[in-house]
Amino acid sequence: MIIAAKLVSIGLGMAVLAFTVSTIVLAVQKSNLVDELNEAYEVIESLEDALNNSTPTTAIPTTAPTIIPTIPDLPTTTLEPIPPEETINYRLPETLHPITYDLYLHPDIDTGNFTGQVVIHIGCTKNTNQIILHALHLNITSVYLSDTTSGTISVKNFYLDLVREFLIIDLTEELPANRNFKLGILFEGSMVNKIIGLYRSSYLKADNTRK
């Protein structure tokens with residue numbers, strides 16, 4: 001029992017000693033913090049005094065030198081006049097005028113092709129060795145010309161002008177004015193895949209049969 005009591009007293013003494021030491025350490029740390037805060041306040045006050053007593057400096061503006069760019073001499077361009085576009089005349093000449101037409105057509109519904117012939121009675125108002133009339137989507141197979149008094153007049157050649165849609169007939173001789181002539185043209189063409197000129201069409205009846 002005596003030994004136990006001594007051990008307890010020794011333990012209590014050591015605890016009191018440890019508490020005393022920790023208290024002293026905390027006091028020292030607190031004292032150090034107070035000293036450091038005081039030093040910081042002194043530094044801040046010295047900085048404020050220095051700022052208040054300092055003379056502000058005025059910035060002297062500097063002017064940058066003006067740089068004028070050098071523009072090189074450009075070559076002069078001479079504008080050439082634009083040539084006028086070629087004027088295309090789609091009108092027929094006034095050397096001839098139609099009097100009557102006799103038209104013959106032979107369509108083939110099964111093949112969709114057709115052949116035909118037109119006889120045009122024309123009057124000549126000015127001397128000319130050329131006949132021009134409109135034609136489109138036709139294959140001209142033959143052309144002939146006759147006079148009511150002198151008979152047949154030779155045809156030099158004939159061709160199609162696709163731009164103006166003309167059939168141009170060149171003659172071997174000049175037609176005199178104030179005379180009438182008979183022009184015959186044989187042709188062929190197709191009635192399918194188009195809806196102009198002579199073309200083939202169909203419709204559906206009520207019984208779903210096509211005519």
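Okay, hi everyone. Keep in mind that this is a predicted model. Let's start with the pockets.

The largest pocket has a volume of about 420 Å³. How many residues line it? There are 21, and the ones nearest its centre are His-134, Ala-135, Leu-136, Leu-138 and Phe-187.

Now the second largest pocket. Its volume is about 260 Å³, and 14 residues line it. Nearest the centre here you'll find Leu-92, Pro-98, Tyr-101, Ile-132 and Leu-133. Strands β1, β2 and β3 turn up again, each with at least two lining residues. And the classes? This lining has 11 nonpolar and three polar residues, with no charged ones.

Last stop: Asp-147, which sits in strand β4 (residues 139–147). Is Asp-147 buried or exposed? Its relative accessibility is 8%, and the cut-off for buried is under 20%, so Asp-147 counts as buried. What does its side chain make a polar contact with? That would be the side chain of Arg-179, at 2.3 Å. Leaving out residues up to four places away in sequence, Asp-147 touches Arg-179 along with Ile-153, Asn-180 and Phe-181.

That's it from me, thanks!

Conventions
Residues are numbered from 1 along each chain as its sequence is written. This is a predicted model: local features need pLDDT of at least 70, side-chain atom pairs count only at pLDDT 80 or more; totals for chains, interfaces and linings use all residues. Side-chain values use heavy atoms; hydrogens and water are left out. On a 1 Å grid over the protein atoms alone, a cavity is a set of points where a 1.4 Å probe fits but cannot get out, and a pocket is an open set with protein on both sides within 12 Å along at least five of seven lines; lining residues have an atom within 4 Å of a point. Grid points are joined across faces, edges and corners, and a volume is the space filled by probe spheres set on the points. Helices (H or I, at least four residues) and strands (E, at least two) are DSSP runs, numbered from the N terminus. Ala, Val, Leu, Ile, Met, Phe, Trp, Tyr, Cys and Pro count as nonpolar, Asp, Glu, Lys and Arg as charged, and the others, Gly among them, as polar. Buried means under 20% relative accessible area, exposed over 50%, partly exposed in between (1.4 Å probe, protein chains only). A polar contact is a pair of N or O atoms within 3.5 Å; within protein, one must be able to donate a hydrogen and the other to accept it, and residues adjacent in sequence count only if both atoms are side-chain atoms. Contact means heavy atoms within 4.5 Å.
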